[in-house]
Amino acid sequence: MMTTNGRTGVTRKKNDIVVNDASHIAHASESILLRHELGDVLRSYRQRQGRTLREVSSDAKVSLGYLSEVERGQKEASSELLSSICQALNVPMSHVLRLVADRIDLIEGRIPPSFKVPDTVQEALAEVGLD
């Protein structure tokens, strides 16, 4: 199943990200907001873990409403809050920030749409036939 984000012009197929065309890239680069990409990444980690907003907000010691707003890109997360959320998700902040940066690079057209970074070592080995 593929979905297209009207804000960024990015099509997502499961965990892969594909940029539709150059016209979307030019438009998206004008309106890319860090808080939107950060929220998407945090939500993705939470959902992959099968956890609710309530569980993560409790572990991170942040209100459920505020965490929801961060995930929806409506509020900026301070570095302290981001650290707390990352700890609650048991994900290094560096991984979250790296993924956010990669997503922005892709949206801005700095990474070719055909380029895909494996999520795991096993996936990387499988791609080169060493699994």
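**Loops, core and helix faces in a predicted model**

User: In which loop is Lys-61 found?
Analyst: This is a predicted model in which local features need pLDDT of at least 70 and side-chain atom pairs count only at pLDDT 80 or more, while totals for chains, interfaces and linings use all residues. Residues are numbered from 1 along each chain as its sequence is written, and side-chain values use heavy atoms, with hydrogens and water left out. Helices (DSSP runs of H or I, at least four residues) and strands (DSSP runs of E, at least two) are numbered from the N terminus. On that numbering, Lys-61 is found in the loop between H3 and H4.

User: Is Lys-61 buried or exposed, and what is its phi near?
Analyst: Buried means under 20% relative accessible area, exposed over 50%, and partly exposed in between (1.4 Å probe, protein chains only). With a relative accessible area of 75%, Lys-61 is therefore exposed. Lys-61 is not a glycine, yet its phi is positive, near 60°.

User: Where is Asn-90 found, and what is its phi?
Analyst: Asn-90 belongs to the loop between H5 and H6. Its relative accessible area is 69%, so Asn-90 is exposed. Although Asn-90 is not a glycine, its phi is positive, at about 55°.

User: In what order do the elements run from the N terminus on?
Analyst: The protein has seven helices and three strands. From the N terminus on, their order is β-β-β-α-α-α-α-α-α-α.

User: What share of the residues in the protein is buried, and what share of the contacts between residues at least 6 apart joins residues at least 24 apart?
Analyst: The protein has 131 residues, and 32% of them are buried. Contact means heavy atoms within 4.5 Å. Among contacts between residues at least 6 apart in sequence, the share joining residues at least 24 apart is 56%.

User: Which residues does Ile-85 contact beyond its neighbours within four places in sequence?
Analyst: Ile-85 is among the residues with the most contacts inside the largest nonpolar core. Once neighbours within four places in sequence are left aside, its contacts are Leu-42, Ala-60 and Leu-67.

User: How far apart are the end C-alpha atoms of H6?
Analyst: The expected span of a helix is 1.5 Å times one less than its number of residues. H6 has 15 residues, so it should span 21 Å, and this agrees with the distance between its end C-alpha atoms, 21 Å.

User: What arc do the buried residues of H6 cover?
Analyst: The buried residues of H6 are Val-96, Val-100, Arg-103, Ile-104, Leu-106 and Ile-107. They lie on the same side of H6 because they cover an arc of only 160° around the axis. The arc is that of the directions from the helix axis to the C-beta atoms, and for H6 it is 160°.

User: Which helices are included in what covers the buried residues of H4?
Analyst: In H4, the buried residues are Leu-67, Ser-68, Val-70 and Glu-71. Viewed down the axis of H4, they fall within an arc of 160°, so they line one face of the helix. What covers them includes H2, H3 and H5.

User: Which residues does Ser-57 touch, not counting residues up to four places away in sequence?
Analyst: Ser-57 lies in helix H3. Its relative accessible area is 6%, so Ser-57 is buried. Not counting residues up to four places away in sequence, Ser-57 touches Val-62, Ser-63, Leu-64 and Leu-67.

User: How far apart in space are Gln-49 and Leu-89?
Analyst: Gln-49 has its place in the loop between H2 and H3, and at 35% relative accessibility it counts as partly exposed. With neighbours within four places left aside, Gln-49 is in contact with Leu-89 and Val-91. Gln-49 and Leu-89 are 40 residues apart in sequence, and their C-alpha to C-alpha distance is 8.2 Å.

Conventions: Core = buried A, V, L, I, M, F, W, Y, C linked by side-chain atoms within 4.5 Å.
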